[in-house]
Amino acid sequence: MCSSDLLLITVLLLPLVGFFIFATILQPKFFIFLGMGLLVCIFYLIALRNRLAKKQSEIQLWIQNYGEQMNLAEAGIKQEKIAIESFREKIVNYSQLKGLTEKLSMCLTLEDTSKTFSAEVNRLFGDKDTTIILYLFHSKTGTLGISSSQKGQMRINIKSKKGDAFDQWIIKTMQPLLIEDAKSDYRFDMDRIIPQDAREIGSLISIPLMVGNKALGILRIDNPHENHFTTEDLRFLTTIGDLGAVAIENAQLYERVEQLAIKDGLTGLYLRRHLLDRMPEEISRQLRQKTQLAFLMLDLDKFKQYNDKFGHIAGDIVLRTVGMILSEIFKEPGMLVCRYGGEEFSVLLPDCTQQKALELAEEVRKRIAAQTIILRREKTHITVSIGAAIFPKDAQNAKELIHKADLALYRAKNEGRNKVCKV
């Protein structure tokens, strides 16, 4: 377009130049035609200038449109990159959650579940400065207690065993908590919180572990540096906490079923099956350590007559009372009290000499005989006969040890009841 306009201007100017030379030399009246030609050229140049200005405006507008399209394209590319990165992070997170779920599904006991859960959370969030604490509510008392705590790869001792102000906030609200800068968070007074624990807390994320409306505990992660955790970290931890809470509840249910399978529902004592499972283990341990193992068999005297006189409900009260007395006396670690069957009880005493076993048996006999049981507004008493046997002095295996204690029990019965006899 520009080259054609330039050619046209040249074609117009050349005759004018010729006319100018011709008029100057030969015919002055040709200046009239020359002026008219100049006017035509001026009008054409004005029109040409307008066309050029319009064209420049169109080009400028096109450049602006092109720039806007480039900005939109760059913004779209940026959004796509963010979406791709987010999608990649989700894939990684889902992969990590899959691994967590698989490991938790292999745990049965509450102890194994807690250890595995804490280790996996530490793998996902932990570093040398980050502290991870798992609190669980006690199934009977409902109090909060530490199940596990670690910093980096080391287990640490936390002074606030029942939680600090941050944990109490979780208990009160049952909502996730994110603290980016503990010193500037208006919800907490750090001057009152810090003396409870020597650890410095700069930022924190914490969630309640819940299944439905049931609170199981608290999962907490804190770090001495500010702005260490983000909202995305809290969101991911919440998802992890949901998986962990289900696994913890399953472990608690499993242990409850196990307890029901090995404990007597009336007295709360272990059943004979559990005793028979434990005895070979204890005998093996006593052989390795070259120590003695005592075994007591107890039978309530004339319990059938007692039942016939007062009824089976009264008999249940007596059995429960005897079980309570046995639990109070034989409460040292390792001692095992069982309801052997009916009105019979048994006690396994590791690392126990014959003299000590007889002393404990005599204490039980006296305590039960002195116990007053009120039934139908009547004060009643019951006595117990006890037989004692010692491994390896009296027997060489579990079956023989039970048999010898049973023989000693029948000897106590035959000698008038309410007695303690040894083999």
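Which residues is Glu282 in contact with, leaving aside its neighbours within four places in sequence? In this predicted model, where local features need pLDDT of at least 70, side-chain atom pairs count only at pLDDT 80 or more, and totals for chains, interfaces and linings use all residues, the partners of Glu282 are Leu293, Leu348 and Pro350, contact meaning heavy atoms within 4.5 Å. Residues are numbered from 1 along each chain as its sequence is written, and side-chain values use heavy atoms, with hydrogens and water left out.

Glu282 is found in helix H7, helices (H or I, at least four residues) and strands (E, at least two) being DSSP runs numbered from the N terminus. With a relative accessibility of 8%, Glu282 counts as buried, a term that stands for under 20% relative accessible area, whereas exposed stands for over 50% and partly exposed for the range in between (1.4 Å probe, protein chains only). The buried residues of H7 also include His274, Leu275, Arg278, Met279, Ile283 and Gln286. Just after H7, Lys290 takes a positive phi of about 60 degrees.

Helix H7 packs against helix H11 (residues 398-414) at an angle of about 110 degrees, and the two axes are 9 Å apart; axes are lines fitted to C-alpha atoms, for helices over the stretch in contact, and angles run from 0 to 180 degrees between N-to-C directions. The two helices, H7 and H11, are therefore roughly perpendicular to each other, a class that covers 65 to 115 degrees, while angles under 35 count as roughly parallel, over 145 as roughly antiparallel and the rest as oblique. In this packing, Leu276, Met279 and Ile283 of H7 meet Ala398, Leu401 and Ile402 of H11.

Strand S10 (residues 344-350) is largely enclosed by the rest of the structure, because seven of its seven residues are buried. Glu344, Ser346, Leu348 and Pro350 point one way from S10, and Phe345, Val347 and Leu349 point the other way. S10 pairs with strand S8 (residues 293-300) in the antiparallel sense over seven bridges, two strands being paired if DSSP finds at least two bridges between them; within this pairing, Leu293 stands opposite Pro350. Strand S9 (residues 336-341) also pairs with S10 in the antiparallel sense, over five bridges, and Val337 has Val347 as its bridge partner. The hairpin of S9 and S10 has two residues between the strands, and Gly342 in this hairpin takes a positive phi near 60 degrees.

Elsewhere, six strands form an open antiparallel sheet in the order S3-S2-S1-S6-S5-S4, whose edge strands, S3 (154-155) and S4 (177-179), each pair on one side only. Helix H4 (residues 165-173) packs on this sheet, touching S1, S2, S4, S5 and S6. Ile156, in the loop between S3 and H4, counts as partly exposed at 24% relative accessibility.
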